[in-house]
Amino acid sequence: MRQIPLPLDNDEKHNDLIITACNQHIYDRITAIEKADRVQLLILGDDKSGKNLFGRYFEQYCDGIYIKDADQLHDNKLFFAWNKAHEEGRSLMMSAAHEPSRWGIALPDLKSRIASMELLQIGPPDDELIIELIMQKLSLADVAISPKALSYCQKRLERDYPFLDHFILQCITIAKEQNRAIKLDDVKSLLIANGQHNLL
């Protein structure tokens with residue numbers, strides 16, 4: 001596991017990019033880019049999966065151009081970003097939740113350019129990332145969690161980034177309302193409330 005500090009002015013609620021087995025290949029690809037390289041990368045991942053943190057790291061490491069949520073942008077804006085990167089001789093990274101075939105791109109030239117981008121996909125959170133994200137976000141909220149509760153989460157939490165983020169926010173709410181650390185019973189109750197009944 002590796003943590004990479006990022007600038008404070010990003011749009012995430014934390015500033016450390018956590019690298020584990022599920023996203024190591026993306027970190028490796030970015031750090032393999034040489035100064036003279038001109039690459040076009042498309043990173044796919046769910047909401048809260050760290051796409052924007054990787055984009056920020058790409059900007060820093062490669063002096064590249066990063067376009068987030070490309071699948072939600074108008075064709076003209078994407079075409080402008082592509083041309084800007086080409087004219088300035090810089091690498092380009094876009095992020096999206098879905099593959100380009102689902103974007104509804106109308107411009108043929110843009111469609112061919114997007115289709116030529118190197119595709120990278122963030123995998124579901126693994127056990128290590130789940131623990132690190134829980135600890136990171138609870139620490140930022142000044143919330144503690146018992147070792148038993150943390151271990152229980154690692155074994156039973158759904159491998160889904162939005163669910164994980166929602167679950168952590170629920171833990172923070174409980175801790176703040178009751179002014180105490182998160183206990184095993186809290187975790188069990190939250191999982192049941194969220195529809196995860198197979199807790200054995």
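Ground rules. I am working from a predicted model, in which local features need pLDDT of at least 70, side-chain atom pairs count only at pLDDT 80 or more, and totals for chains, interfaces and linings use all residues. Residues are numbered from 1 along each chain as its sequence is written, and side-chain values use heavy atoms, with hydrogens and water left out.

Overall fold. I find eight helices and six strands, in the order β-β-α-β-α-β-α-β-α-β-α-α-α-α along the sequence. Helices (H or I, at least four residues) and strands (E, at least two) are DSSP runs, numbered from the N terminus. The C-alpha trace spans about 55 × 30 × 25 Å along its principal axes.

Contacts. I took contact as heavy atoms within 4.5 Å. Among contacts between residues at least 6 apart in sequence, 73% join residues at least 24 apart.

S95. I placed this residue in strand β5 (residues 92-96). S95 is buried, at a relative accessible area of 0%.

Aromatic rings. I counted three aromatic pairs. Rings of Phe, Tyr and Trp (its six-membered ring) pair if their centres lie within 6.5 Å; planes under 30 degrees apart count as stacked, over 60 as edge-to-face and the rest as tilted. Y27 and Y57 are a stacked pair, 5.8 Å centre to centre with 25° between the planes. Y27 is in helix α1 (residues 24-31) and Y57 in helix α2 (residues 51-62), so the pair ties together parts 30 residues apart in sequence. Y27 counts as buried at 10% relative accessibility, and Y57 counts as buried at 10%. Y27, Y57 and Y61 form one aromatic cluster.

Charge over a ring. I noted that the charged end of R156 sits over the ring of Y152, 4.0 Å from its centre. The rule asks for NZ of Lys or CZ of Arg within 6 Å of the ring centre and within 35 degrees of the ring normal.

How values were computed:
Buried < 20%, exposed > 50% of the residue type's maximum accessible area, 1.4 Å probe, protein only.
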